[in-house]
Amino acid sequence: MTMKRSRYSLAVLISGSGSNLQAIIDASVEGRLPAEIGVVISNEPTAFGLERAKRAGIESRVLDHRSYPDRRSYDADLGDLVESFTPDLVVLAGFMRILSPEFIQRFTGRMLNIHPSLLPKYRGLHTHRRVLEAGDSEHGASVHFVTEELDGGPLILQARVPVKPGDDAETLAARVLSREHIIYPQVIRWMAEGRLVMGDKGAFLDGRLLEDPVDLADLELAGR
Ligand code: GRF
């Protein structure tokens, strides 16, 4: 007899510190998120996020990309590994690898990413440095559905932070991260509650197409 799983289940993919993973663990443990993490998968054997998973009693796996000849074969095994846990949602939380179209197609509409910029500005790497170099007065983070376009899938929720005089990439990154830890659990909660779906035209929240991403400041004003 198979047991029916009652909670919405997540596979969280990481490569590093895993502070976003921690925010999701905390939200789940504290009852703010009706979801559980079924597995944490890292491509980096030394990622600190693996330690966070262990401390929380969450299963984890390492799939080291260095043991594979190419992206295609790695992504095929990664996809099989993820699917073996039958997650409802795949959560990219600082997973620092570009995913192949084949992988993305397997999880389209049920895979999220968080990116440290106000997308569509600053796709790709080194966003904090680039924001400082451009002299922007505002920066932030975005959660979006993953599509084949790198950092280009439908936007869901953004948080803005000011760039302050004297900021360097580190102080700015810390300010952005503190917001990431709010917006990622919030979006996962919408998914778990069945309120958020990806359609042909973009992200739909409560049946309404998000022409623009939701702004965290508006949510806070509205009491969510
Ligand atoms: C975050 O800034 C996230 O936006 C980016 O990678 C970083 C991961 O940080 N994709 P952490 O591992 O969650 O602490």
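Buried means under 20% relative accessible area, exposed over 50%, and partly exposed in between (1.4 Å probe, protein chains only). This is a predicted model, where local features need pLDDT of at least 70. Residues are numbered from 1 along each chain as its sequence is written.

**Exercise 1.** Find where histidine 126 lies, then decide whether histidine 126 is buried, exposed or partly exposed.

*Solution.* Start with the place: histidine 126 sits in the loop between β5 and α5. Helices (H or I, at least four residues) and strands (E, at least two) are DSSP runs, numbered from the N terminus. Next, the backbone: phi is near 55 degrees, a positive value in a residue other than glycine. Last, the surface: histidine 126 counts as partly exposed because its relative accessibility is 49%.

**Exercise 2.** Treat aspartate 151 likewise: which loop holds it, and is it buried or exposed?

*Solution.* The loop runs between β6 (138–145) and β7 (155–162). Phi of aspartate 151 is near 55 degrees, again positive in a residue other than glycine. Relative accessibility is 11%, so aspartate 151 counts as buried.

**Exercise 3.** Describe the peptide bond from leucine 119 to proline 120.

*Solution.* The bond is cis, with omega near 10 degrees. Proline 120 belongs to the loop between β5 (111–115) and α5 (127–134).

**Exercise 4.** What residues of α1 and α6 meet?

*Solution.* Contact means heavy atoms within 4.5 Å. From α1 come Ser19, Asn20, Ala23, Ile24 and Ala27. They meet Leu177, Glu180, His181, Tyr184, Pro185 and Ile188 in α6.

Note on methods
This is a predicted model: local features need pLDDT of at least 70, side-chain atom pairs count only at pLDDT 80 or more; totals for chains, interfaces and linings use all residues. Side-chain values use heavy atoms; hydrogens and water are left out.
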